[in-house]
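Q: I have a protein model with small molecules in it. How do I read the places where they sit?

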Amino acid sequence: MNSLYIAGEWLAGQGESFQSVNPVTQQVLWAGEGATAAQVESAVQAARQAFPGWARRTLEERISVLEAFAAALKNHADELARTIGEETGKPLWEAATEVTSMVNKIAISVQSYRERTGEKSGPLGDATAVLRHKPHGVVAVFGPYNFPGHLPNGHIVPALLAGNSVLFKPSELTPKVAELTVKCWIEAGLPAGVLNLLQGARETGIALAANPGIDGLFFTGSSRTGNHLHKQFSGRPDKILALEMGGNNPLVVDQVADLDAAVYTIIQSAFISAGQRCTCARRLLVPQGAWGDTLLARLVAVSSTIDVGAFDQQPAPFMGSVISLGAAKALMEAQEHLLANGAVALLEMTQPQAQAALLTPGILDVTAVADRPDEELFGPLLQVIRYADFEAAIAEANDTAYGLAAGLLSDSEARYQQFWLESRAGIVNWNKQLTGAASSAPFGGVGASGNHRASAYYAADYCAYPVASLETPSLTLPAALTPGVRMS
Ligand SMILES: NC(=O)C1=CN([C@@H]2O[C@H](COP(=O)(O)OP(=O)(O)OC[C@H]3O[C@@H](n4cnc5c(N)ncnc54)[C@H](O)[C@@H]3O)[C@@H](O)[C@H]2O)C=CC1
Ligand SMILES: O=C(O)CCC(=O)N[C@@H](CCC(=O)O)C(=O)O
C-alpha cells in the first residue's frame, strides 16, 4: 500500500503498520505503514526543494491552485463526507458540513491573507515605507481525528497561500480522510513537493517534530501533546509553533425565560459530534433551587431521547459514535471514577453494544465531588455543578487551567457584560451554543488551550512573517547632514 506522498510520488511507508476502522462495525477502512524518520527526512528535503518555486509564484497564481482545490473538494464532496463519516463515526449530515467548511476555508483564507498579511505602503520622509509578508519556509501540520478534514485544512490552506511548503501528518485514526484530501490537492495541480503526506502514529509525529529542517509546526490536538511540543520547541525562537489544544469549557446557565431554548442550546453545546469538539461544554453551571431543578429535569428528559447511531443510519441520528472502542472504554471508566467519588448520575452514559463505540449522552451532577479533576473528557459526558450565586458561578467557570470557550445563557445583558469581563477564554458566547465557531473569526484559547496563536481567521498571522522596508529608487545625500559628519 502506497501510503505516503513525497515529492509528488506515492510510496510505501517503511515504518509501523496501522489501520483505521469504522468505530461502529470495526470494519477495516484503511491499512498501511507509517513514515520512518528517514522517510520524514526525505519529505523535508522535498518540501525544501519545492519551497522557493512555490513562494516565488504570484499570490494570484497560488490562489488559483487553491480555488482548483475547492473545486476538487466539491467534485468529491459525497465521497469525502462518506469517508469522514465512516472513519470518525460522525453522522453523514454532520460530515457534509465539515466538507462545506473545507470548501469555505479557501475564500476566507484569501480574504484574511489580504487583510492581515497583505501589502501596504505609504510615504515616510523621502522614502516609501512598505509592509510585505514572507512565508516561513517548510512547515509541519499535525491534525486531530475529530475534524480530520476541516482542522488540518485550516492550517494547510493558509500555509500554502502564504507560500510555505507543507508536511502533513494526519491523525493515525483518520488516514483515509487525509489521503483523499491530498488527492484533491493533486487534482488541483499543486506542484510536486509543495504538500507531502506523512502517514503514521506517534513515532512519525516525533520524528517530524524533531526534524531540524522544519521552520514551523502548526498543531491541533490534545493539550498533552501540545505541551510536549512546546517544551520540545523551547529555546528555538527561530521556529514558529502554533498550538490549538483542548478545553474544559464552562457553560453557565442563569435563570432564563425560555427553558426549552436553554435545553436545546445545552444539548448542541455538549453532545454534538458525540461531545468530541474542543469547544464542547464540559461543565454546566446551574443555579441551586427549584428553577435549576426544573431545567435539569427537562435537560435529562430531552437528552434521553437523543438518537445515537451509525454514521449512515436512516433516519439520521443526532450523535454518532466516539472515535474508537478504546475512547469509549476510557470515557466509561472516567464516568465510573466520578460516580465512585460522589457524582450523582442524572442520566448515566451507556455503551449499548460492547463491540461498537456508540455512547448515549451522560449527565452527572459532580457538585459533591471533592477535588474535581480539571481534565477534558472528550465525549458525551456533561458534568453539572450547582452554584449559589452569579459570583460563585463565574469563579467556578474560571476554575480551570484551560481557556478555550465559555458561555452564558442569561436574559440579563448586565450579567453578560460581567461574564465577558471576568471570564478567561478565547471564545465567550452569550445565549449561543459553545460549538460551531465561525471560520470568519479568530479561533484559539488561552491557558492550557493554546499559545496565543489563534487559528481560523487569524491563521494568516502565523503562516507568514512581516518584512518592513524603507524604499527609494535612487540613493541621495540628505539635505542636512548629522552633526560631526563631513562629506567634503
Ligand atoms: N483547540 C482546537 O482547535 C482543537 C483541539 N482539539 C483537541 O484535540 C484532541 C483530540 O485530538 P487527538 O487526535 O486525540 O490529539 P493528539 O494530541 O493525540 O494527536 C494530535 C496529533 O499529534 C500526534 N502526536 C501524538 N503524540 C505526539 C508526540 N509526542 N510528538 C509529536 N506528535 C505527536 C498524533 O499522531 C496526531 O497526529 C482533544 O484534546 C481536542 O480538544 C481538537 C480539535 C480542535
Ligand atoms: O477553524 C475554523 O475555521 C473555525 C473553528 C471551528 O471550526 N471550530 C469548531 C470545531 C472545533 C473543534 O472541535 O476542534 C467548533 O467550534 O465547533
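A: Start with one contact. A polar side-chain atom of Ser222 lies 2.6 Å from an oxygen atom of ligand 1. Keep in mind that this is a predicted model.

Q: Which distance counts as a polar contact?
A: Look for a pair of N or O atoms within 3.5 Å. Backbone atoms can take part here too. A polar backbone atom of Met245 is 2.5 Å from a nitrogen atom of ligand 1. For Tyr145, a backbone N or O atom lies 3.4 Å from an oxygen atom of ligand 1.

Q: How much of ligand 1 does the protein bury?
A: Compare the ligand alone with the ligand in place. Taken alone, ligand 1 exposes 850 Å². The protein buries 91% of that.

Q: Which residues are closest to ligand 1, and how many surround it?
A: Count the neighbours, then pick out the closest. Here 27 residues surround ligand 1. The closest are Lys169, Glu172, Ser222, Met245 and Glu376.

Q: What kinds of residues make up the shell around ligand 1?
A: Sort them into classes. Twelve are nonpolar, ten are polar and five are charged.

Q: Which elements each supply at least two residues of that shell around ligand 1?
A: Trace the shell back to helices and strands. The helices are α7 (202-210) and α8 (223-232), and the strand is β10 (216-220). The largest share comes from α7, with three residues.

Q: Which side chains hold N or O atoms by the oxygen atoms of ligand 2?
A: Go residue by residue. In His150, a side-chain N or O atom is 2.7 Å from an oxygen atom of ligand 2. For Arg277, the distance from such a side-chain atom to an oxygen atom of ligand 2 is 2.8 Å. A polar side-chain atom of Ser439 lies 2.5 Å from an oxygen atom of ligand 2.

Q: Which residues come nearest to ligand 2, and what classes make up its shell?
A: List first, then sort. Of the 14 residues around ligand 2, Lys105, His150, Cys278, Gly436 and Ser439 come nearest. The shell divides into six nonpolar, six polar and two charged residues.

Notes: Residues are numbered from 1 along each chain as its sequence is written. Chains are lettered from A and ligands numbered from 1 in the order in which they are written. This is a predicted model: local features need pLDDT of at least 70, side-chain atom pairs count only at pLDDT 80 or more; totals for chains, interfaces and linings use all residues. Side-chain values use heavy atoms; hydrogens and water are left out. A residue is near a molecule or strand if one of its heavy atoms lies within 4 Å of it. A polar contact is a pair of N or O atoms within 3.5 Å; within protein, one must be able to donate a hydrogen and the other to accept it, and residues adjacent in sequence count only if both atoms are side-chain atoms. Accessible areas come from the Shrake-Rupley method with a 1.4 Å probe; for residues, only the protein chains shown count as cover. Helices (H or I, at least four residues) and strands (E, at least two) are DSSP runs, numbered from the N terminus. Ala, Val, Leu, Ile, Met, Phe, Trp, Tyr, Cys and Pro count as nonpolar, Asp, Glu, Lys and Arg as charged, and the others, Gly among them, as polar.
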